[in-house]
Amino acid sequence: MRRFVAEKAKRALSSYLLSSSRSHPSPSLTSSPLKFYSTAASMASKLNPPVTVDTLNPKVLKCEYAVRGEIVTHAQRLQEELQTQPGSHPFDEILYCNIGNPQSLAQQPITFFREVLALTDHPALLDKSESAALFSSDSIERAWQILDVIPGRATGAYSHSQGVKGLRDAIAAGIDARDGFPSNPDDIFLTDGASPAVHMMMQLLIRTENDGILCPIPQYPLYSASIALHGGSLVPYYLNEGTGWGLEISELTKQLEEARSKGITVRALVVINPGNPTGQVLAEENQRQIVEFCKKEGLVLLADEVYQENIYVDDKSFNSFKKIARSMGYGEDDLSVVSFQSVSKGYYGECGKRGGYMEITGFSADVREQIYKVASVNLCSNISGQILASLVMNPPKVGDESYESYMAEKDGILQSLARRAKALEDAFNSMEGVTCNKAEGAMYLFPRIHLPQKAIDAAKAVNKAPDAFYAQRLLEATGIVVVPGSGFGQVPGTWHFRCTILPQEDKIPGIISHFKAFHESFMSEYRD
Amino acid sequence: MAKPLDYESLNENVKKTAYAVRGELYLRASELQKEGKKIIFTNVGNPHALGQKPLTFPRQVVALCQAPFLLDDPNVGLLFPADAIARAKHYLQLTSGGLGAYSDSRGIPGVRKEVAEFIERRDGYPTDPELIFLTDGASKGVMQMLNAIIRNENDGILVPVPQYPLYSAAITLYGGSLVPYYLEEEANWSLDFNNIRQSIASARSKGITVRAMVIINPGNPTGQCLSEANIRELLRFCFLENLVLLADEVYQQNIYQDERPFISARKILFDMGPPLSKEVQLVSFHTVSKGYWGECGQRGGYFEMTNLSPKTVDEIYKVASISLSPNVPGQIFMGLMVNPPKPGDISYFKFEQESKAIMESLRKRARIMTDGFNSCRNVVCNFTEGAMYSFPQIRLPARAIEAAKSAGKAPDVLYCLKLLEATGISTVPGSGFGQKEGVFHLRTTILPAEEDMPAIMESFKKFNDAFMEEYEDYRGYSRM
């Protein structure tokens with residue numbers, strides 16, 4: 001028996017060796033074949049593959065992003081169940097109110113923008129006379145203008161790593177027109193959405209876990225995730241829910257000093273204006289205080305301004321932080337500001353295009369070189385997204401053929417967003433134990449739910465945060481997906497959820513009635 | 001007043017990172033271009049920038065997807081063939097609301113399914129679309145994987161020398177250690193496992209845990225196509241040394257010889273059967289930027305994971321979700337690339353014609369360039385078997401090396417700068433890719449238009465031979 005096994009093993013080994021030696025002859029094979037088996041690693045490999053969850057970068061393990069987190073995975077499962085077993089749930093469809101993704105909920109793109117993009121994606125169309133019948137004349141003209149600034153009219157070529165120069169010129173002109181202060185095209189870095197630009201800045205700023213970044217609480221969790229990924233420390237500053245999510249300098253100062261006393265070097269201040277998830281639009285005076293604070297404390301101001309075109313109240317308007325700083329007389333030598341913009345929000349809602357930019361001002365030449373270098377490793381952002389960014393910052397003007405239809409589309413979307421924001425805000429405020437600040441801007445409502453102790457205990461019993469527990473019950477009862485407030489941060493002991501204002505207007509009444517019905521039944525179940 | 005972010009207070013890893021492809025030579029070339037000099041940019045694999053035309057069919061499909069209202073227009077058939085129209089409808093249906101909606105963070109499920117079907121057709125083994133993640137270009141995928149693997153400076157990644165410097169840049173950015181293994185120039189840039197074993201042993205003796213091995217096949221900048229035997233040995237090596245294999249296969253369509261066609265690492269892994277096929281961890285990368293598509297500007301790519309645990313895949317998914325989703329038009333380009341027009345389709349003939357023309361021309365240019373370099377004094381060039389580059393060895397005379405030292409520049413950088421000033425040809429010095437000590441190269445692409453090639457090679461030869469004349473020792477004294 002033993003001899004049989006030994007023979008079998010010998011045969012196996014020799015057939016292995018035969019197949020090795022049949023391969024391209026190389027010096028390495030003439031060394032003892034048994035060396036192959038002697039490495040300690042070979043014994044380890046069966047038990048410990050090189051890449052397992054235990055051997056992943058701990059920063060990757062640590063970071064979180066609730067917007068596409070657990071509740072969404074659960075919703076997707078339920079959605080599948082609805083398809084395979086219709087009638088298995090007390091609702092017909094999943095209503096995704098978790099993510100600012102307007103066009104996934106039937107918002108229509110701006111026609112003029114898509115005309116231009118179709119023409120620049122397939123420039124051969126411009127040589128055909130039939131195109132005049134299918135495209136507006138100004139979209140054709142704009143497509144030509146854009147192709148003229150792209151070398152060789154090659155939209156399939158890598159561009160300059162900061163983005164096509166001519167498109168940056170157009171964006172700089174758009175910023176100038178918006179702010180009344182000039183913008184330098186060489187300060188602009190076009191990126192695949194605003195998020196990669198945020199990551200780039202975190203990468204530059206964070207050296208060790210002793211580098212801190214001041215972030216609003218609640219915040220859009222890209223910031224917490226990016227800081228964790230880059231190994232830094234998030235220094236929270238709390239927005240004041242009682243004063244419409246007010247940003248108080250006293251709170252900034254307090255958090256800054258506390259961080260410093262713990263040995264943290266605070267490098268930058270993140271301000272999201274209009275706010276996400278909180279929706280507040282900062283007053284100019286507030287912005288001036290923030291600018292002064294950054295200047296005084298030597299912080300880079302990271303201004304997330306992606307919702308600049310989403311303002312729903314007449315008494316507030318968007319002011320870029322760069323404009324505020326310039327209007328205070330502060331120039332390149334006084335303040336370092338990075339302004340982020342995106343094509344994903346506003347009235348254009350072109351999330352899937354991944355277009356955006358950061359405008360960096362107040363940095364020395366050698367730092368700018370380093371920023372350029374990091375951008376160059378990825379070569380460039382997608383060209384179609386770059387073109388769209390230039391369109392967003394330079395839309396049709398009075399007198400253009402498409403101007404009126406463009407304005408009708410834009411106003412239609414913005415007015416509808418304002419109505420939906422109001423309807424949902426009122427609905428939430430009418431619910432027992434729920435208070436909801438107004439959404440002055442952005443795309444979200446962030447109501448506070450005062451959960452009864454019984455509900456909090458029930459959540460603890462299943463090892464869930466109370467707001468996550470509430471959100472899950474809501475999903476299971478109504479198919480509505482919101483993101484628990486713990487995904488954004490909140491004052492400890494308070495509970496919120498973030499709900500977008502994006503479902504189509506005709507769906508809003510249904511959402512409101514189902515939400516209210518669920519809430520009433522939840523409160524009945526858990527009321528103290 | 002000190003700025004809040006000045007050079008001194010930058011992340012050290014950023015400062016250490018180098019990426020020569022758009023480094024010193026490129027910046028100098030751009031300056032000269034601004035001054036009015038005619039520059040031939042051969043520093044980066046960017047076909048459309050050098051006159052290669054996009055394939056018609058994918059552009060038609062994506063244009064229709066951009067402007068779906070065209071599909072409702074009765075005249076759309078005047079501008080677009082029926083199969084492009086049908087395909088646009090197909091992709092629009094697969095999206096979650098057209099091109100303007102974030103897709104699944106891993107990419108549109110229907111497109112990932114098409115990628116999986118492509119892989120199965122290519123390799124003869126099924127694959128799971130859930131293990132295929134679409135990315136904004138292959139580079140983003142490479143960076144995501146390296147970021148996931150590298151924990152600290154004691155984690156090493158085996159990287160070929162010469163290599164495409166995305167790898168060295170990413171490893172530096174993420175704070176890991178690059179463990180080099182040298183490709184054998186005299187043996188057609190093949191793998192030398194003795195050398196690889198030495199490299200890994202040396203790294204381990206310094207306390208480095210070698211986690212992964214990068215292989216670029218076809219090679220960049222070296223252009224070699226690995227033999228099946230080499231790949232088998234490589235997989236066995238990774239199995240024994242407990243390494244995850246990162247297989248950069250972005251040039252798989254660019255093959256200019258028939259002896260060694262492209263075979264994916266995954267196919268060979270599965271051919272080898274268990275235990276390797278069940279144990280060896282592999283991540284394979286592909287893109288729409290290369291091949292005969294050359295759609296660099298779309299930023300479309302994917303990576304496919306083999307034998308990574310579900311928990312690991314989940315973590316990688318989590319990181320992908322922070323960036324929400326890859327760009328949707330790029331995803332559609334990927335779908336079209338893996339699922340091109342078939343015989344019988346209206347657009348098939350034109351698509352085939354366009355593709356063939358590009359491939360045949362690339363094959364010719366690979367030859368023209370290799371032969372052209374080999375005809376130059378002190379230049380030796382391996383044949384470009386695949387990819388898009390030529391990587392000639394420039395045997396610089398001692399005096400040229402001294403001149404470079406005095407100028408404070410690497411010898412091949414000096415050579416390439418002088419080449420640029422004299423001819424307008426913008427290349428990347430070999431030092432940007434790594435090379436053996438004292439051996440110099442430059443990388444150029446085979447992408448300039450075929451009709452421009454002879455003039456470019458002549459211009460190079462004129463410069464090179466004059467350069468060698470100038471710097472070779474005692475040349476002028478030979479008659480004394």
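A residue is called buried here when its relative accessible area is under 20%, and the legends below use that word for close-up views of a predicted model.

**View 1. Helix 10 of chain A and its surroundings.** Helix 10 of chain A covers residues 165–179, and its 15 residues should span 21 Å at 1.5 Å a residue, which agrees with the 21 Å between its end C-alpha atoms. The buried residues of this helix are A:Gly166, A:Leu167, A:Arg168, A:Ile171, A:Ala172, A:Gly174, A:Ile175 and A:Asp179. Among the elements of chain A that cover these buried residues are helix 9 (137–149), helix 15 (321–327) and helix 17 (383–392), together with strand 2 (188–191) and strand 8 (356–361). Just after the helix comes A:Gly180, which takes a positive phi of about 80°.

**View 2. An open sheet of three strands in chain A.** The strands of this sheet lie in the order 10-14-13, and their pairing is antiparallel. Strand 10 (444–445) and strand 13 (483–484) stand at the edges, and because each has a single partner strand, one side of each is left without a neighbour in the sheet. Strand 13 is joined by two bridges to strand 14 (residues 497–500), the two running antiparallel, and A:Pro484 stands opposite A:Phe497 of strand 14.

**View 3. B:Ser168 in helix 8 of chain B.** B:Ser168 belongs to helix 8, which comprises residues 166–173 of chain B, and with a relative accessible area of 16% this serine is buried. Its side chain is joined to that of B:Gln163 by a polar contact of 2.8 Å. When neighbours within four places in sequence are left aside, B:Ser168 is in contact with B:Gln163 and B:Leu178.

Notes: Residues numbered from 1 in each chain as written. Chains lettered and ligands numbered in written order. Predicted model: local features only at pLDDT ≥ 70, side-chain atom pairs only at ≥ 80, totals over all residues. Heavy atoms only, no water. Helix = DSSP H or I, 4+ residues; strand = E, 2+ residues; numbered from the N terminus. Buried < 20%, exposed > 50% of the residue type's maximum accessible area, 1.4 Å probe, protein only. Polar contact = N/O pair within 3.5 Å; in protein donor to acceptor, adjacent residues only side chain to side chain. Contact = heavy atoms within 4.5 Å. Pairing = 2+ DSSP bridges. Expected span 1.5 Å × (residues − 1).
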